[in-house]
Amino acid sequence: MSGERRIAIVGAGLGGLTLARVLHVHGIASTVYEGDASPTARDQGGTLDLDRESGQRALLLAGLLEEFRPLSRPEGGELRLLDKDATVGLRIPPPEPGEGEERPEIDRSALRNLLLGSLPEGTVRWGHKVRTVAMGAAGRPTLTLSDGRTVEPDLLVGADGAWSRVRTLLSHADPVYSGLSFVDGLLRDVGTRHPAIAELVGQGMMFALADEKGLTAQRNGGDRIRVYSAVKVPEEWSRSGLIDPADPAASKKRLLDLFPDWDEQLRALIAGIDGPLVPRPIHALPIGHRWDRVPGVTLLGDAAHLMSPFAGAGANLAMLDGAELALALATHDDLETALNAYETPMFPRAEEAAALSAEHLTGFFGPDGLRTARDAFTAVTSGGAAR
Ligand SMILES: Cc1cc2nc3c(=O)[nH]c(=O)nc-3n(C[C@H](O)[C@H](O)[C@H](O)COP(=O)(O)OP(=O)(O)OC[C@H]3O[C@@H](n4cnc5c(N)ncnc54)[C@H](O)[C@@H]3O)c2cc1C
């Protein structure tokens, strides 16, 4: 309703961009401050499956669902669950043509570009890192940018991810290391260079789970497969001991040594990685993280409810948060009424997903991981919770 409010969004991730887009659809301008120098400054990571009720609903509200369809890969819904000897414990086939609309996969970079391309020129200010946030004397949030300039918006939205600066205005909570780290690597040209791996993985996701660790392989666009090796290590060891960016060959060997008796077909997933190995320690905010209203400030996505990826929900929820916050702002003239309308359903929705992802992390990487995962994925295909 009010097009006059100055809205500052910190972070051009999927959540912040969805917010800016849905605001734009309703004729409301906003400015997105992003620390990265450009849209291509960082690898955006693997693929996401967009849930009909959250990620796809956000795209519908953004007016982008039809443009999303040709970019998505419904066949990516295929799933295989293996033991460490490469025996298949569960196989969910790819959806039939014309089906698979429930959770089609899309490359993160394609999704982000779709959102970016839908915003008016200049909405995103690249290379504008927010250094500090504070409540100004007039009770208005104040941002200080890396170039020293300050911004005093009517509404400040922290869409700035796991290590959010904006969150410090609302909460003392910090992300806690889960004890599990991913090591992320890419195999390229798999059709020609790694046909056996392409066959093993199929068109979607493959999980191998045993000994409280795992190998996850995920089809990406461009004939690539992304491999996440999941290991329980102290957080600092995953950064400085296991993976040495200066010595990728030794790093790969150390990683392979963590899977000594796994089938060679599975070890080939690590051996075949030809780019860098990137450690991704898995952190989460406390389940049920929430805050008391502070006028003119709110959070969305990982800044509000960082969780492990084992409910397949983080990006989906970030997008839904962005879309619903925009709708609330378009509907209510009073800012605090709008923020209450957004936060009231968002808190329990995030709590439920965070509890599920924490339960999955403990179960999948516990002593009976394969069976726990099989039960969870079977429940998904019969209409249960998200993966
Ligand atoms: C390995 C892995 C796999 C995952 N798989 C899935 C999945 O299959 N499905 C799913 O739904 N979710 C998945 N997730 C979770 C998902 O990636 C996140 O939940 C999602 O990206 C959160 O989006 P966001 O917009 O809240 O934050 P982000 O994507 O983190 O974006 C935050 C943005 O803010 C910017 N920023 C940060 N600080 C500042 C600052 N001070 N000033 C300016 N800019 C700043 C950052 O540069 C970034 O661009 C996965 C996560 C991981 C780690």
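How many helices and strands make up the secondary structure of the protein? There are 13 helices and 17 strands, taken as DSSP runs numbered from the N terminus, with helices being H or I of at least four residues and strands E of at least two.

Some ground rules. This is a predicted model, where local features need pLDDT of at least 70, side-chain atom pairs count only at pLDDT 80 or more, and totals for chains, interfaces and linings use all residues. Residues are numbered from 1 along each chain as its sequence is written, and side-chain values use heavy atoms, with hydrogens and water left out.

Overall shape next. Buried residues make up 54% of the 387. Buried means under 20% relative accessible area, with a 1.4 Å probe and protein chains only.

Now the inside. The largest nonpolar core has 62 residues. Such a core joins buried Ala, Val, Leu, Ile, Met, Phe, Trp, Tyr and Cys through side-chain atoms within 4.5 Å. Helix α11, residues 314-331, gives the most to this core: eight residues. Ile-9, Leu-59, Leu-143 and Leu-156 have the most contacts inside it. Contact means heavy atoms within 4.5 Å. Beyond its neighbours within four places in sequence, Leu-156 touches residues including Ala-8, Val-133, Leu-143 and Val-297. Another core lies apart, with 30 residues, among them Leu-187 and Phe-259.

Technical notes
Buried means under 20% relative accessible area, exposed over 50%, partly exposed in between (1.4 Å probe, protein chains only).
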